[in-house]
Amino acid sequence: MKKGNSESTLNLSSIRIPVLSIALALCALFVSPALSQVTLRTETSSVGRLDLVVHDFIADGDSAFLADLPSQLRGFVKGDLAYSGYFNLIEPSDLPPDTSIQVKRVGTTFDTLVTFTGAQAARVRGSVSLRWEQATVSISLFQPPLREPTHVQDFSFQPDHARDAAHDIAAWITRMLTGEEGSFTSKIAFVVRTAQNKDLWIMDWDGANAHSLTRDQTLNMSPTWTPDGNALYFTTFREGTADVYRYEIASGRARPFVATPKTDSAPSVSFDGQWVAYASSENGNFEIYRAHADGSGKTQLTFSNRDDTSPSWSPTGRELVFTSDRGGSPQIYQVDFDGVDVRRLSFNGIYNETARWSPRGDLIVFCSRESQAFPKFQIFTIQPGGQRERRLTDGGNKFDPSWSPDGMKIVYTSSEQGKSSIWTCNWDGSNHRQLTFGIEASQPQWGPILPLTRP
Amino acid sequence: MKSKHFAYFTLLALLLASLALTPGCKKKMPKESAPPSKTEEITPVEEGTEGTATDRETRDEMERDMALVHVVYFDFDRSEIRAGEREKIRNNADILRKWTDWTVTLEGHCDERGTNEYNLALGERRAKAALRAMEAEGISGARFETISYGEERPSDPGHEESNWSRNRRVEFRVKMNTPESRN
């Protein structure tokens, strides 16, 4: 489980103990191999992958009436948990059989208690019922060797919204077992080319429900989210030269943020939503600027005689990373909030571009051409000090990496096949998955964790 | 490679020029498969207005000359005008010296390699390199505007070097102002 950085020091403040009562936690820490598998990852998350079994969801009541709803819901929940990066899913059939024993309880009838044998993986059980078009699933979490469920929760939903309910359920399971807020309810903004134009699109974190936002016969590019998930800042050519606009997702309206006669591009919203950094050639060559979210208080941050672009905020807002070719080829640099202390972060690779700071603060992801001999762009991470470069992809060109809001996953563009498409992988380069098909998609930006709007 | 391209464009230019000389052929687009641009490249000369024979001759000559304005090509991730392209700069400068009322939008473009955001900067560098080269030829910078489309408007959609080399370019989008229209 440990991902090969044994010499890095453990940051005790980042250790998060699964949400359990103190008694349960103590008990678990002493006796449970499953919980001791929670590795203390200092790189981008405090948790490693937890072994988890999602048992078949059972029908509570008329199973004919429920049809395949229990198995469909279980499939969505299981898919979400496996995709999330927090869990290593084990099929129930791969476990040694658990033994059931019947115990007599004082004042009650017989209860069935399960003795867990074999793998000490956490268990999810679900029981689905249907009443007046409203489905309810009761989810129980077991953490061996504790025999009683550690958590039980009911979730109600409309049967045709099982996928949304599954995001909710998976988020709850993850919160209960790891203490982490997963990215289950987040969305991804991206760009789709049609002929000579490009439009902003949006989709769920797993690629479902993809649809266009803009349709205005121009080039719309480089979307970036506000932290409340209500708006996107983006680059548009609708007035001739490139400008940065703000697009309200609810109303579909867009208005200028920065629109000089020169090129204004590559917006990045700070994690607190107060500032937007961008690149502009307003004063000659491309430099990094920041302004308040409403466009006021414009301040130039970089001053070089070459081009600086693609700024991205650190989670604290105290510094930004950006791309600059001031050293001859594009490389990743860092500058602080006030524009002082410019430092180069990337030294390997002949081209290094579009750096994005992890929301956890511990890694920076970017794309890089390693050498003339390996001329394809690939996705890499480095630590903020510039150490520990790690390559996450191989094969054809990969661009535009962006972090999931929980810092566990990365979304990127692959132009390996004919049309470029959007993929995700885990922070460590595992679990690559294609999200878009049949459209020419690029420049994905992963949005914030959204409050549930489940019917 | 470079000389091949130049030969190609010379050929193209000759072809267009011969078309321009054909009577009855009214509209000439100067560049190969040029995508539509935000800036209108041609101010339509009012057709049908009673012009003198001299006006018509002038217009024909302008259109002939416009067809001879060349696209300038660049090396990968470079924005310097390379030696093989300097002849085109001189050629374009000659035409602009002849038609002093023309104004030009210099459109910088890149191939698809590299990120969209970096390529916006690179495209602008190329457009400005073309502007400086024109100024060095003695053409007033006031007659030019620059715009970068980065890698967003390829003239060739392919994914090989032969396609990319045609996309790393600056297009001269000429506005054929007349003394009256410029004021």
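The model is predicted.

Let's begin with H4 of chain A, which runs over residues 69-84 and so has 16 residues. From its first C-alpha to its last it reaches 22 Å, close to the 22 Å expected at 1.5 Å a residue. The buried residues in H4(A) include Leu69(A), Pro70(A), Leu73(A), Arg74(A), Val77(A) and Leu81(A). Asp80(A), Tyr83(A) and Ser84(A) are buried as well. In an α-helix there are 3.6 residues a turn, so residues three or four places apart point the same way.

| Residue | Relative accessibility |
|---|---|
| Ile188(A) | 0%, buried |
| Ser421(A) | 2%, buried |

Ile188(A) sits in strand S9 (residues 187-194). Why does Ile188(A) count as buried? Because its relative accessibility is 0%, and buried means under 20%. Beyond its neighbours within four places in sequence, Ile188(A) is in contact with several tryptophans, among them Trp201(A), Trp205(A), Trp225(A) and Trp446(A). Its contacts also include Val411(A), Leu435(A) and Pro444(A). As for Pro223(A), it lies 35 residues from Ile188(A) in sequence, with 9.7 Å between their C-alphas.

Ser421(A) belongs to strand S30 (residues 421-426). Which side chain does the side chain of Ser421(A) make a polar contact with? That of Trp423(A), at 2.9 Å. Leaving out neighbours within four places in sequence, Ser421(A) is in contact with Tyr412(A), Thr413(A), Ser414(A), Gln434(A), Thr436(A) and Ala441(A).

How values were computed. Residues numbered from 1 in each chain as written. Chains lettered and ligands numbered in written order. Predicted model: local features only at pLDDT ≥ 70, side-chain atom pairs only at ≥ 80, totals over all residues. Heavy atoms only, no water. Helix = DSSP H or I, 4+ residues; strand = E, 2+ residues; numbered from the N terminus. Expected span 1.5 Å × (residues − 1). Buried < 20%, exposed > 50% of the residue type's maximum accessible area, 1.4 Å probe, protein only. Contact = heavy atoms within 4.5 Å. Polar contact = N/O pair within 3.5 Å; in protein donor to acceptor, adjacent residues only side chain to side chain.
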